[in-house]
Each structure stands twice: as C-alpha cells, then as structure tokens.
Amino acid sequence: MAGETTPRERVRSGGRSEKVRREVARTVLDLLAEGVVDFGPSEIAARAGINRKTIYRWWPTYTDLIREALSEHSGTVEVPDTGSWPRDLRLLAQRLAAFFASPVEMSTSAIIAGRRQPELAALILEHFEPVQQEWRRMVARGISRGEVDTACSPRAVINMLVSQLVLTPLTLCRPPTDEEIEELVTLVLRATKPAITARRGDAE
C-alpha cells in the first residue's frame, strides 16, 4: 500500500552485531523498569556506551528503540506445547507469573493503566497483540485435542489467565505465590472443561 515501508532488518544475529542489539535492548528495558520514558537515540548511545552513529543507523527513532526492547523482552516467554492442555496451562501460568512480576512489566503495566503516555502505551499494546496470539494458539490446540470445551474463546481464556497474573504484582507489589498460581490454573481448567466430560463427572 502507498505510504507503507517494510521494516529493515536491524542487525544480523551473532557476533558483535548481536551483542550491540542486546545491549541497546537491555538499556531501553532498564530505563523502562526505572520508569524513565523520555529518552532517544542519543541517551541510549551514551548510557550503553555505543557509538551514536550506530544507534542512529539502526534505531533512528524512539519507536524503533521501544520495538527492539519489547521484542527482546517478550521473547523470554516460551509458549509450551507438551501435547497436554493441563500441563501447557500450568507451565504458561508459571512463566507468565514470573514475566509479569518483572520490573519492566510492572512499569509498562503502570504506564498503560496510568494513561499518561498514550503513544507509548499504544506501542506496547501493538507489540503484544501477536505475542498474545501465540498464547491463544495454545488454547486452540487444547480445543482441537478435545481437552478444552469448543464453546470457549481462546481470547477469553487467555484474558482470564493473564488478568490475575498482571494485577497481583501491579496492586500488591509482589508476584503471585505458587498456591495462587495453582488456584488460578484449577479455576481455568474447570472453566474450560468440555461440557460432556463435565456432565459425566457430575453424574458420577
């Protein structure tokens, strides 16, 4: 379409280029974790100890820096695919609990909730939409195996799982306990249990 540009590859993986990319991403994430949102390529270059020309060549805008950092950050959550819905759900819940309790996530969640940085919040939400699609595919696999009720919406199931995992560190300033995670997993499993299986269980 007119006016659209294809994002260019930032740096090749491996070697010094990969080291620079990770250092840039880590520097941006550190600033976000500290609640600092007003920065640009020059500030990142100075803080990371990287030549300004390198930064401006590959990350010339604030948006470029944020996207690089978020890609590095969200890549730390591996979506399980063990072939078992209960096992996948439990593993994802444990991984997301740690993820959302990280300083970066607590800060970005506060940014979204506070509505004081609408452009940054929009960038964060835009980035995490395809990430959440991967989480929803895990639910869809459970449906296709007959382990999750076909009436369940993958989006609603993931929202149910994620909401408590986000709110606990944001409101209580601590990660969910193992007991709380297990209670949440149990709740989601009950809510997604296939209707026929559920009726059989009630009859027994």
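Colleague: Which residues does serine 84 touch, not counting residues up to four places away in sequence?

Modeller: Serine 84 touches Arg145 and Glu147, when residues up to four places away in sequence are not counted; a contact is taken as heavy atoms within 4.5 Å. This is a predicted model, in which local features need pLDDT of at least 70 and side-chain atom pairs count only at pLDDT 80 or more, whereas totals for chains, interfaces and linings use all residues. Residues are numbered from 1 along each chain as its sequence is written, and side-chain values use heavy atoms, with hydrogens and water left out.

Serine 84 lies in the loop between α4 (62-74) and α5 (85-100). Helices are DSSP runs of H or I with at least four residues, strands are runs of E with at least two, and both are numbered from the N terminus. Serine 84 counts as buried because its relative accessibility is 14%; buried means under 20% relative accessible area, exposed means over 50%, and partly exposed lies in between, with a 1.4 Å probe and protein chains only.

The C-alpha atoms of serine 71 and phenylalanine 128 are separated by 9.1 Å, although the two residues are 57 apart along the chain.

Axes are lines fitted to C-alpha atoms, for helices over the stretch in contact, and angles run from 0 to 180 degrees between N-to-C directions. Angles under 35 degrees count as roughly parallel, over 145 as roughly antiparallel, 65 to 115 as roughly perpendicular, and the rest as oblique. The crossing of α5 and α9 is right-handed; this term applies when the near helix is turned clockwise from the far one by less than a right angle, and left-handed applies when it is turned anticlockwise. From α5, Trp85, Pro86, Leu89, Arg90, Ala93, Gln94 and Ala97 take part, and from α9, Ile181, Glu182, Val185, Val188, Leu189 and Thr192. By class, the contact of α5 with α9 comprises nine nonpolar, two polar and two charged residues. Here Ala, Val, Leu, Ile, Met, Phe, Trp, Tyr, Cys and Pro count as nonpolar, Asp, Glu, Lys and Arg as charged, and the others, Gly among them, as polar.

Helix α9 (residues 178-192) also packs on helix α8 (residues 154-172), where the axes come within 10 Å and cross at roughly 165°. The two helices are therefore roughly antiparallel to each other, and α8 passes α9 in a right-handed crossing. In this contact, Val157, Met160, Leu161, Gln164, Leu165 and Thr168 of α8 meet Glu180, Leu184, Leu187, Val188, Ala191 and Thr192 of α9. Eight nonpolar, three polar and one charged residues make up the contact of α8 with α9. The loop between α8 and α9 holds cysteine 173, which has a positive phi of about 60° although it is not a glycine. Cysteine 173 counts as exposed because its relative accessibility is 62%.

A further packed pair is formed by helix α6 (residues 103-114) and helix α7 (residues 118-144), with an angle of about 120° and axes 9 Å apart. That makes α6 oblique to α7, and α6 passes α7 in a left-handed crossing. Glu105, Thr108, Ile111 and Ile112 in α6 meet Leu120, Ala121, Ile124, Leu125 and Phe128 in α7. The contact of α6 with α7 has seven nonpolar, one polar and one charged residues. Helix α6 also contains serine 109, which counts as buried because its relative accessibility is 14%. Serine 109 touches Val166 and Leu170, not counting residues up to four places away in sequence.

As for the whole protein, its secondary structure comes to ten helices and zero strands. Of its 204 residues, 40% count as buried. Among contacts between residues at least 6 apart in sequence, 66% join residues at least 24 apart.
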